[in-house]
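Here are my notes on this model, as numbered points. Please read them with the structure open.

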Amino acid sequence: MKSKYKIGLLILCMVLCSSFVWHKFYVSVTQVDYVPSKKRIEITSRIFIDDLEKALTKKHKRKLNITSSNELPEAEEWIKSYLNEKIKISINKKPQKIEYLTKDVEGDVIIIYTKIANSKKINTFEIYNSLLTETFQDQQNIVHTNINGNKKSFLLTNTAFQEKVDY
C-alpha cells in the first residue's frame, strides 16, 4: 500500500511540475492480475500511441500509423514482437510465454491485452519491463500487480528494468 501511495505522489508531483515547465512525460502503465478461477494471469499495458509509434518507427524504419485508418498490415505483428521483447515474466523462477490477445484505443493511449496460462500456485513472480527505454531516456514504466490477493506497485526505469516478489 505504501508503494502505491509513493507512486501516486510521484505522478502527482510530476504532473504539477510539468504544468509550470513544458516537458514531455514518458510513462506506461501495466496491470498484472492473477485470476485463479480462469487459471491465468491477465496483463493490460497502456502506452501512449505516439511514443510506441516512435519506438517502432525507429526500430523498423517505417511509420506504422498505429490505430489509424492507414495502419500498416504488419503493425499488429510488430507490436506483438515488441512486447515479447520488452516485457518478460517469470513465475516460480520459470520464464513464461505471454500470449497476445488484442489491442484497443482510449484517446491517445493504446491498450494491449495479453495473458499467461497458469494453473500453479505462484511463489515467486518476476517482471522485466523495458518498454520504450531505448527511445526515451526518461521513460518510466509503472507496474501494478495483484497476485495471491497481494497488491504491489513498481516503478521501472531505464536503469531498473525488473522487480521480483516472493509470496
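1. **Pairing at E7.** In this predicted model, Ile91 has Phe125 in E7 as its bridge partner. The strands involved are E3 (residues 87-91) and E7 (residues 124-129), antiparallel over five bridges. Strands pair here if DSSP finds at least two bridges between them. Helices (H or I, at least four residues) and strands (E, at least two) are DSSP runs, numbered from the N terminus.

2. **E7 with E10.** E7 is also joined to strand E10 (residues 162-166), by five bridges in the antiparallel sense. Tyr128 stands opposite Gln162 in E10.

3. **Basis.** This is a predicted model, with local features needing pLDDT of at least 70 and side-chain atom pairs counting only at pLDDT 80 or more, while totals for chains, interfaces and linings use all residues. Residues are numbered from 1 along each chain as its sequence is written, and side-chain values use heavy atoms, with hydrogens and water left out.

4. **Helix packing.** How do the axes of H2 and H3 cross? The axes of H2 (residues 49-60) and H3 (residues 75-86) come within 11 Å and cross at roughly 95°. That makes H2 roughly perpendicular to H3 (65 to 115 degrees). Axes are lines fitted to C-alpha atoms over the stretch in contact, with angles from 0 to 180 degrees between N-to-C directions.

5. **Helix contact.** Leu52, Ala55, Leu56, Lys59 and His60 in H2 meet Trp78, Ile79, Tyr82 and Glu85 in H3 (heavy atoms within 4.5 Å). By class, this contact of H2 with H3 has six nonpolar, one polar and two charged residues. Ala, Val, Leu, Ile, Met, Phe, Trp, Tyr, Cys and Pro count as nonpolar, Asp, Glu, Lys and Arg as charged, and the others, Gly among them, as polar.

6. **Aromatic pairs.** A search of the whole structure finds two; ring centres must lie within 6.5 Å. The Tyr26 and Phe136 rings are stacked, with centres 4.0 Å apart and planes at 15°. Stacked means planes under 30 degrees apart, edge-to-face over 60, and tilted the rest. This pair ties together parts that are 110 residues apart in sequence. Tyr128 and Phe161 form a tilted pair, 5.5 Å centre to centre with 50° between the planes.

7. **Backbone check.** Thr67 is not a glycine, yet has a positive phi of about 65°. Thr67 is found in the loop between H2 and H3.

Technical notes
Parallel < 35°, antiparallel > 145°, perpendicular 65-115°, else oblique. Phe/Tyr/Trp six-rings, centres within 6.5 Å; stacked < 30°, edge-to-face > 60°.
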